[in-house]
There are 2 protein chains.
Amino acid sequence: MSLEFFFKPNVIAVIGGSSSKGKVGNSVLRNLVARHADAKVYAVNPKGEPIIEGFPCVPHVVDIPEKVVDLAIVCIPARAILDAVEDCIAKKVKGIVVITAGFKEVGPEGAKLEQQFLARCKETGMRVLGPNCLGMISLYHNSSFAPLTPAAGVVAMISQSGAVMTGVSDWSAVNDLGFSAFISLGNKADVDESDLIEYLARDPATRIIVCYLEAINNGTRFIEVVSKATKIKPVIILKSGVSEAGARAASSHTGSLAGSDIAYDLAFAKAGVIRAKTLSELFSYCKTFSVSKFPLSEYFAIVTNAGGPGIISTDAFVAEGVGVARFSPNIIQELREKLPAEAAVYDPVDIIGDATPDRYDVALRTVFNDSIEACAGALVLLTPQANTQPPRVSELMLKIREDFPDRVMIASFIGGRNVAEAAAKLRAGGIPCYDFPEEAIKNISGLIKFTRFGKRPPETDIPEIQVNKAKIQAILDGSKAENRPMLLNYECSAVFSEYGIPHPKTRLAKTQNEARTLAAEIGFPVVMKIVSPQIVHKTDVGGVVLGIKSADEAEEAFVKILSSVQRMRPDATIHGIEVQEMINRAAKKKTTELIIGMSKDPQFGPLLMFGMGGIYVNFLKDVSFRLANFLSVEDSKKIIQETKTYALLRGVRGEPPSDIEQVELVLQKISRLVRDFPDIVELDINPLLAFARGEGVSAVDIKITVKLASAAPAHAGGH
Amino acid sequence: MSLEFFFKPNVIAVIGGSSSKGKVGNSVLRNLVARHADAKVYAVNPKGEPIIEGFPCVPHVVDIPEKVVDLAIVCIPARAILDAVEDCIAKKVKGIVVITAGFKEVGPEGAKLEQQFLARCKETGMRVLGPNCLGMISLYHNSSFAPLTPAAGVVAMISQSGAVMTGVSDWSAVNDLGFSAFISLGNKADVDESDLIEYLARDPATRIIVCYLEAINNGTRFIEVVSKATKIKPVIILKSGVSEAGARAASSHTGSLAGSDIAYDLAFAKAGVIRAKTLSELFSYCKTFSVSKFPLSEYFAIVTNAGGPGIISTDAFVAEGVGVARFSPNIIQELREKLPAEAAVYDPVDIIGDATPDRYDVALRTVFNDSIEACAGALVLLTPQANTQPPRVSELMLKIREDFPDRVMIASFIGGRNVAEAAAKLRAGGIPCYDFPEEAIKNISGLIKFTRFGKRPPETDIPEIQVNKAKIQAILDGSKAENRPMLLNYECSAVFSEYGIPHPKTRLAKTQNEARTLAAEIGFPVVMKIVSPQIVHKTDVGGVVLGIKSADEAEEAFVKILSSVQRMRPDATIHGIEVQEMINRAAKKKTTELIIGMSKDPQFGPLLMFGMGGIYVNFLKDVSFRLANFLSVEDSKKIIQETKTYALLRGVRGEPPSDIEQVELVLQKISRLVRDFPDIVELDINPLLAFARGEGVSAVDIKITVKLASAAPAHAGGH
């Protein structure tokens, strides 16, 4: 359902609209005076004067003479919310903005009240923004109680903090930034960031979408919605609470390497979000993205009248991943001919300290005659010298902007008094200009990220796998029924067999004869181990026999293990004795220990980890992550390539390459498994042995943890 | 010798002083009109009018009637430099500032001219600033041709780029920043950054020293001088050219992991320099350090009227390593009593959106009543809300600053129009105020770094080692005499034996009998290898025999190796056959492979590397660095502790700890070795085996490369 009535309402009711200065209900009406386009506005207040701030006042929403009320702004105390909501429902109001605080954010009582009024809204389809918010501003109305109405423009801002919204709005007044929408999310009881981004992506007045978020409501929907939005326009997000995240996840083994900020990073990367790391970056991106064109390649020229800033900028190009333009020989030749002998004609193009405006003009026009692939745009650096005439340089740049509509220019005019006029001219004409080159380059990098995401080839989803789901579910349910969070080895083996993930063959023998038969089936040598939920340290109770080489030895081992365990742990429930294939590492050309792990992220679901396995995993932390629910075939390659372990897998010092394709397949299959069975809350393969190419892989130690009904903490133990 | 005549000259001669507008010689005179204190200024120009820009003009420096001329500013063309220098020498001028360009920077001809005039200056003791510079400005004169005279203040700026100097100067005009000195370094033919920092450290008018540098002239002197300066006042440096550095050093094995920017980082850390990473940071630090007090501990409170920015700031505290204040229970109690119920009283102290100036006052005074250890200062965040009254908050903060002279306040007032007046008030009163919290926090972090360096306990130099230097020098000279860059194994062994660095015993046998005796002396089993500078792949020519268990076998091996090599490589010079102890890893409780490397940095000398050894070194790059010439006992511990390998050495999963003390000793001894013998240009131990504590270490593969007279490239081969 479209949210247009929030943005372009024809009739607005302000419930609690008041003539008392300083009251929120008065501030909202006054803001509506400043901006309400063609909308009819009514104050709703049983004790109100007939006209408040120039708008008619009615006792209740139902008294509004218009047939349809699009939007009601609720500014009354929390205790009156239920009546107000019923009043709105009776009038079939399309949406309400609940500015009122005193709900979830104040404790359980408030949370209950919030749930109550929300339930009524959901029943009737009436949408809710808030509660506990600053309200919203669009090009057509200002129904917020923000202290000022920001200028109209192309930036849509969504903020989970009213204070950030106020700060941005105040800042924008002196930074020539205008907004198409300005929305305070509050408690996000109903309408959330995904709903708004979905709407704004299609809003022609909005050129960029900017968010300050502290959490995301529904990770899956967020990625789906935002992935579509970023195909159309940039979505820039500052997500705070980064540092707490690590601590929160520290209890789980995999999580201790992750921290859910990683999940946000992965989600943003998947959806094509440009992530601002600081408030300053967020503001800075607003300035650039609201006016700049987008570069058509990743290479930029540096044109400068100053050597030092040129070097600084070269450093920053490298740091920010911006490509330095590589001019064609004819362009270099042309630069040589047209510039003084002392000028540098490779990037940076240093037109030296005595450069006149004409020299800037010549240099820029020449480099822009090169192909887009060589030079998508230019960073123009200027320091005020005797011949510089900064305002004239700006004028020429604005002319060049028209003559080269496919090229991007970003400027850094370094100075204060002598560059102020020139910088203002540029900004007014749509060329971003920054005090310092590094900020300009960070913005070029941001623009390139948007271009790059737009050009990204479509990804291939990982193949579905036909498995006997009922069989696996029965194993999981069996474990849950016993209140046992971790599957037993032979259960893990059954699950992995279904998904075709190579691992040592493992069978459960219940009798001596079964032990003989199963061992022979598997092939010698085998290992035998006691299977009992109560016994963790199997060796301590004589529960393990290694290197069994014949059926007779298997039978013997069965008896020996059983008697030893029965003597030492008479209390234990014994499921049987596991017979397991022994992996003969010596027979392999190469063996590398890897880890694959999965833990659950509260927002984005299963988080897949890949890296170096064995004893190194805990201290080298050479690991990489992906969201299993969104894993593509390409991701299953990249998650490996991002680690240093990848070099080992390709083979160092003459070693053969490992069977990387088989590792990719395991990653794909594990992702399918955890997508198929949300009951699996944690999974660890450590090590996954990768052998030489053609020799395959083997998941020799598997841990699968299921969610228990009791919701008891389910941590993998034993390491 | 003091450089005071540069800063506070009594008599200044402007050679090339001119009445033609636009000429450098005229710009300098005009700047001197704007600032020359009590100095007498003379224009020197054979064709000049008697009075230029109000100053008397003489044909030559010798014609100046004053007995002593302190400073001559040279603005004439390069071709006339030699005459001008002679003229100055004749008049016994103390120092010259050569603004003139056309020297080293234009090619070999210019470099020759620079050397010529410099030689004359050195002979006579006349100091030179420049050539090819913008000149200099002090509190007492402006002898530059910069387009404006910056305000007087406490910042001394040294710049290797004239353009950066111009930009800073222009920027400072609108940012209330004043300068005690402003020096353009130019080509640094004589006076360099170290000379100036040494002077400015003792200059009472200078509160902070700020540099933009592209390279450092003399690394050792720099570290010595700056280490002393930073005990007195902050030295902040932006060093550019970071990204090229890596490429330059890529050819050497150790260097490929290093890149000499690491050497700069180490040097800056050793000397207590605060390194600015961007031009923006440099400017930002100027603003804070020029007015702020320095914190007495590392813990800061956050006081905010806005939740979102509070969270953002908490993230940034973690990212920048600033400690969050931990209030005493009584302070928390007091905050609870004095603030509204909804306020948060743990850090951040959120005094919520309706906070009045009085609430800021109460909160700040309360947290400042806590101990310095709990709270050295506060980050004050403000967003403009209905009750905020930002200018009044500023006034109260300035009063608090007086009442709590030992506490530091840094503000971020987020907004534009509604906070401008308040921010200006704060800045004028000496409290830095930034638009964004992250910038404020970066500056708090900078202030803390200065405090931390000042409190750092003195370091202990590594012990000297008594060795037979003549013996080692003879080995190095022998290798050089044969034009052989790499020492042979038995030579490395002799060097390591002198320094007491454990390694497999290695002796050179020249006869069968010697082989018997030496093998028996070393103890069986031993390895024997051919020693010949021409033979790199010893195994291919039958030059290696492993696992020799008796004197008879040793004799046999000697004959076998010799005959095989003589048959297959009749051309090779044979030094003899090496008999080497075999390390029995199986007999050790634990063996860890480490690497210790050394390569030469052009500025800072031997760069020591430590990390994980074996085949992992090249792809895991788990390494850490120190400057060997400045290695302290503490550094020899920290270089180990900084690596992830340290966790392995301490012992993971129940392994015993390694003999870390012995590893430290090897690092100390290697540092002494490379300090004692500058001829050693590269050294590699890979692996250094570290055994369990008490079992020691062994340098099993040593490569030592010496500098050849031919200066041929000397790269370690073979891996």
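Hi everyone. A salt bridge here is a side-chain nitrogen of Lys or Arg within 4 Å of a carboxyl oxygen of Asp or Glu. Please keep in mind that we are looking at a predicted model. By that rule, the count is 88 salt bridges over all chains.

Let's start in chain B. The side chains of D361(B) and R365(B) form one of these bridges, at 3.2 Å from N to O. Where do D361(B) and R365(B) sit in relation to each other? They are four residues apart in helix α14 of chain B, so about one helical turn separates them. In general, an α-helix has 3.6 residues a turn, so residues three or four places apart point the same way. D361(B) is buried, at 16% relative accessible area, while R365(B) is partly exposed, at 23%.

Now over to α14 in chain A. This helix has twelve residues, 357-368, and spans 17 Å from its first C-alpha to its last, close to the 16 Å expected. Nine of the twelve are buried, including Y360(A), D361(A) and F368(A). Those buried residues pack against several elements of chain A, among them β14, α13 and α15.

Some bridges reach further along the chain. D635(B) and K270(B) meet at 2.5 Å, N to O. That pair links helix α23 to helix α10 of chain B, 365 residues apart. Are these two buried or exposed? Both D635(B) and K270(B) are buried.

In chain A, R452(A) bridges to E298(A), with the closest N and O atoms 2.8 Å apart. Here R452(A) lies in helix α17 and E298(A) in the loop between α11 and β14, 154 residues apart. R452(A) is partly exposed, at 38%, and E298(A) is partly exposed too, at 29%.

Methods. Residues numbered from 1 in each chain as written. Chains lettered and ligands numbered in written order. Predicted model: local features only at pLDDT ≥ 70, side-chain atom pairs only at ≥ 80, totals over all residues. Heavy atoms only, no water. Helix = DSSP H or I, 4+ residues; strand = E, 2+ residues; numbered from the N terminus. Expected span 1.5 Å × (residues − 1). Buried < 20%, exposed > 50% of the residue type's maximum accessible area, 1.4 Å probe, protein only. Contact = heavy atoms within 4.5 Å.
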